Amino acid sequence: MQGARRNSLRLLQWMMAASLALPIALFVIASAISYTSTNEIADREIERTLDVAHEHALKVFETIDRSLAELNEVVRGLPDDVIISREPALHRRLKRLTDALPQLKSAWIFDAQGKALVNSLVSPPPEISFADRDYFNAHVDHNIGSFIGTPLTPRPPYQGARFFGMSRRRDSDDGSFIGVIQASVLPEYFESFYARIGRDPGSFFTIGRTDGALLAHFPRLDGDVRLDPGGPVGRKIAASPDHGLMTIAWPTDGIERRIGYKRVAEYPVYVSAGLETSAIRARWYATIGQHLVFGVPATALLFLFLALAFRRTQHLQAEAARRRDAEEALKHSQRLEALGQLTGGVAHDFNNLLTVIRASVDLLNRPQLSEERRQRYINSIADAVARAAKLTSQLLAFARRQTLKPEVFDVGARLQSLHDMLATLLGPGIEIAIRLPAEPCLVNTDAGQFETALFNMAVNARDAMQGRGKIVFTVQAATVIPDSLAHLVGSHGFVTVDVTDTGVGIPAAQIGRIFEPFFTTKQIGRGTGLGLSQVFGFAKQSGGEVTVQSEVGKGSTFTLYLPRVPAEILPRRQAPDTAPAVAGNGMSVLLVEDNIEVANFAADGLTELGYSVTLADNADDALTELIGDHDRFDVVFSDVVMPGKTGLDLANEIRARGIAVPVVLTTGYSQVLSQEGSVGFDLLQKPYTIEQLSQFLHKAARLRRVGAAE
């Protein structure tokens, strides 16, 4: 009896120790998981903010570049004395330009000696030479296109904020240098924009040249800063010159930050966005603090309860029952903690793993399968499921990365089908008129996103009319297109959807900003500024454009341009899952897949059906195989997302080289396809079955044989 009591007391002592050690261990594990999750969330936030900053910078530089090109055309071929004689009119034109673009401080036209012929600030300009400025010197010897200079201080008698120059060369008819056209860009315009979008503690933004000169910085700096291209930041960017993420102590202030960077299209400029690592840690501390708020009292209560049980057990044998209850409560608490750990993440991209699982199931159903292969497939399924569970905390975010699901549809018919929904959305005070063309206007884009863009434009028009007025929806084949689409015009042109309202109109000073994310003229609580941004993003992602024409007091017209497709193009349909597999009969397939497991299962399934399979794990090796002897392949089956060249790059290069081998692409999620579409190639979505794969390959090869016979 005494021994039993001693054992009971000893057990209680161990339990008291465990009541402290176990929560501490669980807290450490939860802290590690929370730390990883917090950093991943911060990276996604940085990437989303970087996308916004990049799109803003690209829009600003393209707008200035286009304005400079237009000014260059205005004075092209005019001698300096003619420009001087027209100086008052040109001065007014430059002033209107700078007034319309808040990012500009001034605009200038210089002669070959660096003297200002015209500027937007003073008429006539003082006799001062600017030949020593970088925005002038850069163009003297060569035509380098658009040049972006370093931050400068205004030269007396000119005053005001600092600026950096963006300039173009003026050439004579024989190509010789006759001067420069320049716009002075305000760094504070970028810094003000960054202050609006970077409201989180520790937010950080920069925009700088490729040589390390910083053009704008948030938080703002007092002086000029030039980063060493050979320094830590420069080496990071050199290793991945297009875009990337890095954790680094920023040279200007020594503060460690997590920073994402991206090059702005063809301009020699990088945009960066980031967060201080201390701010990221503060988020983690806040999360851990929540664990402590609940965990410490619970642990303290549990320890106190066990201590009381220990003391009372020394006096009363009846405390044994309460001790058993405490043990059961502890076990229950442990089970709940374990469940909490298991449910702590969210889903990631399962497509490759699902393809392995589905292919394994298909292969397991094959007759006369050896036990060794059957066991290998079963083990692969178990392995894939285990890895899938670990991947659940890494699901890709939706914001501005949504994959479009294109389909061919008639814009007019789709708009007509939305009439009742639009009437309900806009309310009884809005009169709706729909004007449709006599012939179908087909496009190949995401129908859901198209409807969302249409609704956003309609709601914007309704708000502009304060709920009473008339909206006219007009669908027609485009006769005139914006300059931004001139290089994309094909044989089929574009379809336009005009949304015209009788509202208050848009002031000219605001038209250039209406598509900016979070920009809105509505009252607080009436709009987020994201509706027209969605329309803009959808149009660009679909290979089109959106424009606006407006006059204050007379309403506005928003025009959505979408690439038109010929009437004979119909949506592709995948073969039904129940259709049988198609025997290969020796058909030769070049299978390009960087995931070895997916490649092996696809190859096994095809080989079993009688196909001859050649494997390549990247696009370059596949292209080498085709160049060596493309006649031995009947079809190429390639994944889209691969290191280096994508499957879409490979397909386009095969087409460009004139290699007469059909290409079938496969993907589960691809930002490349969401931006460019499949460009006429067959697309098999992951996960796929061996039956579906064989049907796609057989169809592509059959079309090739028919084309060759013709």
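Predicted model: local features only at pLDDT ≥ 70, side-chain atom pairs only at ≥ 80, totals over all residues.
Q: What percentage of the chain's residues is buried?
A: Buried means under 20% relative accessible area, exposed over 50%, and partly exposed in between (1.4 Å probe, protein chains only). Among the 710 residues of the chain, the buried share is 44%.

Q: Among contacts between residues at least 6 apart in sequence, what percentage joins residues at least 24 apart?
A: A contact here means heavy atoms within 4.5 Å. With that cut-off, the share of such contacts that join residues at least 24 apart is 67%.

Q: Which residues does Y194 contact, leaving aside neighbours within four places in sequence?
A: Y194 is one of the residues with the most contacts inside the largest core. Away from its sequence neighbours, Y194 is in contact with A53, F205, T206, I207, F218 and V271.

Q: How many residues are in the other core, to which F409 and L422 belong?
A: This core lies apart from the largest one. L454 and F455 are also among its residues. The number of residues in it is 37.

Q: Is R169 buried or exposed?
A: R169 sits in strand β4, residues 163-171. Among the residues in contact with R169, beyond four places in sequence, are N72, H139, V140, D141, F177 and G179. Because its relative accessible area is 9%, R169 counts as buried.

Q: Which backbone oxygen does the side chain of R169 reach at 3.3 Å?
A: Two backbone oxygens deserve a look here. The oxygen of H142 lies 3.5 Å from a polar atom of the R169 side chain. The one reached at 3.3 Å belongs to G175.

Q: How long is the polar contact between the side chains of D171 and R169?
A: A polar contact is a pair of N or O atoms within 3.5 Å; within protein, one must be able to donate a hydrogen and the other to accept it, and residues adjacent in sequence count only if both atoms are side-chain atoms. D171, like R169, is placed in strand β4, and its side chain also makes a polar contact of 3.1 Å with the side chain of N143. The side chains of D171 and R169 are joined at 2.4 Å.

Q: Which strands and helix do the buried residues of α15 pack against?
A: Helix α15 covers residues 531-541, and L532, S533, Q534, V535, F538 and A539 are buried in it. After α15 comes G543, with a positive phi near 80°. The packing partners of the buried residues are β13 (442-445), α13 (447-464), β16 (545-551) and β17 (555-563).

Q: What is the omega of the cis peptide bond between F218 and P219?
A: Most residues other than glycine have a negative phi, and most peptide bonds are trans. P219 lies in the loop between β7 (214-218) and α6 (232-239). For F218 to P219, omega is about 5°.

Q: Is A265 buried or partly exposed?
A: A265 is in the loop between β9 (256-263) and β10 (269-276). Its phi is positive, near 50°, although A265 is not a glycine. Since its relative accessible area is 38%, A265 is partly exposed.

Q: Is N585 buried or exposed?
A: The loop between β17 and β18 (588-592) holds N585. N585 is another residue other than glycine with a positive phi, about 55°. Because its relative accessibility is 72%, N585 is exposed.

Conventions:
Residues numbered from 1 in each chain as written. Heavy atoms only, no water. Core = buried A, V, L, I, M, F, W, Y, C linked by side-chain atoms within 4.5 Å. Helix = DSSP H or I, 4+ residues; strand = E, 2+ residues; numbered from the N terminus.
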